[in-house]
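Here is a briefing for a reader new to this structure. Look over the sequence and the model, then read the points below.

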Amino acid sequence: MLTKRIIPCFDVLDGRVVKHVGFLENRRDAGDPVALAKRYSDEGADELVLLDISASEEGRLATHRVVEEVAQQVNIPLTVGGGVATIDDVRALLLAGADKVSMNTGAVRNPQLIKEAAHRFGEQCVVVAIDANLNQTMGTYEVMIQGGKIGTGMEAVTWAKKAVDMGAGEILLTSFRQDGTREGFDLPLTRLVAAAVNVPVIASGGAGKKEHFFDVLTEGQADAALAASIFHFEETSIFQVKSHLRQKGVPIRWETA
Amino acid sequence: MIALLDLGIGNLSSVQSGFARAGGETVIVPSGEAWAHLLAGGAPIEGLVLPGVGAFGDAMFQLRTSGLLPVVRQMARDGKPVLGICLGMQLLLSISEEHGSHVGLGIIPGTVTRFPSTVKVPHMGWNNLVQVAHHPLLRDIKPGDYVYFVHSYRAQLQNEKHLLAAADYNGITVPAVIGKDNILGTQFHPEKSGRVGEVILRNFVQICIAAQVAEGRAPR
């Protein structure tokens, strides 16, 4: 039986893991990416997501080196994203050792990028990341770009469906309003998108305790759940989350060795 | 030494790192010329890996234009262990319906078809293996061990005896490990399947060594 996945995520800035509350403020250093990747893998992480938030070319190259190192030392799948805007960016990350490449703003600005990447490298390695925020005026979830700074006026479900039509093999869905709050994943948003597309959906944003993972993987209908800070700062561990899910009957990968 | 065929795309470095962790020495072979050069240099090639990410048609095209297609056929005929991974496994079959209809290597009879839209496609994530036959490739694999899949198409074997292990995806049987004599394939990615995947890669290394011994050549 296919299992639900628990995915720790790192934001990497110039080769270091950083953690921040909300999209924009309060950055804190959270350690060495390779050491963290190994620790998570040992604890039972099902995949890793690494987001490059470097602004400079130099920082990006540092992050590519991190991707290479993590890919060499860790034997679970690795998704890398952050600033992916061209097919060459996709290729470079795959060559560095990423198994999947996540695109966000770049895909919104140029949806053909999804199609081209899916055609060249296969849809299984194309992840479209969607940052969504409840827009009171629109009365729906709006797609945000550039780390949540800019609203696009586009409705999240519509965009998710379009992205999948263009060749996205997976959707990484982040709730802007929940991100950093630790009050739980955005269940209505996740359910809306998961029900609308025929590819796996990773829910992100808002994880604060192990029960939240249960909620989003059952009621929220997500195929995977992603979190960053609660794992970095050891508020809960992947092992604890998976033990809880297992106890509650959610199918998860359980290593007995 | 195990030859990894480079079809231009795909996660070759991951496969290479995977074998390194499993104690297997590998060499990347990008073309028929490179292959000839290796053999002329006396490289002891004990086995072949056909990795694969990408589209079936493109991969077959690459195999042909790079001059690697005869390499696979030769190794298969010589009884050397060959392991296809993911798309590489699918290439071993007769025909694929991925984006049209493409002829495969036809070493193991069967077709490659897309998952029905009743399930989410790709079949992505960790699923457990149900072993249906004993095979050295599956040595030390315990019932229910999980491996990592990511694929939108699946094999449909003509002959059930070529099925070594399967996975169940919402009621659909996914051939997970297939084999015919020296030709083996895994639909999942052993190089990304944690500890269990490492065991499978190590088993393949052992199979390569055993084949050398059976040929009467001392393993290095």
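**Annotated site and second largest pocket**

Cys86(B) sits in the loop of chain B between β4 (82–85) and α5 (87–91). The model is predicted. Cys86(B) is one of three residues that UniProt lists under "active site", in an unreviewed entry. The points below take up that set, then a pocket, then a serine.

**The annotated set**

- The UniProt record gives Cys86(B), His189(B) and Glu191(B) for "active site", and the entry is unreviewed.
- These residues are spread over 106 residues of sequence, yet they cluster in space. The largest C-alpha distance among them is 10.8 Å.
- From this set, Cys86(B) and His189(B) belong to the lining of the second largest pocket.

**Cys86(B)**

- Is Cys86(B) buried or exposed? Its relative accessible area is 7%, which is under 20%, so Cys86(B) counts as buried.
- His189(B) is itself in the annotated set.

**His189(B)**

- His189(B) also lies in a loop of chain B, between β14 (183–186) and α6 (194–214).
- With a relative accessible area of 5%, His189(B) is buried, because the cut-off is under 20%.

**The second largest pocket**

- The volume of this pocket is about 640 Å³.
- Its lining has 41 residues. Closest to the centre are Phe121(A), Gly122(A), Gln124(A), Val53(B) and Gly54(B).
- Which elements each supply at least two residues of the lining? In chain A they are α3 (87–96), α5 (112–121) and α6 (156–166). In chain B they are α5 and β10 (146–151).
- α5(A) provides the largest share of the lining, with four residues.
- Sorted by class, the lining holds 17 nonpolar, 15 polar and nine charged residues.

**Ser14(B)**

- Ser14(B) is part of helix α1 (residues 12–21) in chain B.
- Its relative accessible area is 3%, so Ser14(B) is buried.
- What does Ser14(B) touch, not counting residues up to four places away in sequence? In chain A it touches Gly97(A) and Asp99(A). In chain B it touches Glu191(B) and Lys192(B).
- Glu191(B) links this serine to the annotated set: Ser14(B) touches Glu191(B), and UniProt lists Glu191(B) for "active site".

Note on methods
Residues numbered from 1 in each chain as written. Chains lettered and ligands numbered in written order. Predicted model: local features only at pLDDT ≥ 70, side-chain atom pairs only at ≥ 80, totals over all residues. Heavy atoms only, no water. UniProt positions renumbered as here; feature names shortened; annotations may be inferred. 1 Å grid on protein atoms, 1.4 Å probe; cavity = no way out; pocket = protein on both sides within 12 Å on 5 of 7 lines; lining within 4 Å. Buried < 20%, exposed > 50% of the residue type's maximum accessible area, 1.4 Å probe, protein only. Contact = heavy atoms within 4.5 Å. Points joined across faces, edges and corners; volume = space filled by probe spheres on them. Nonpolar A, V, L, I, M, F, W, Y, C, P; charged D, E, K, R; others polar.
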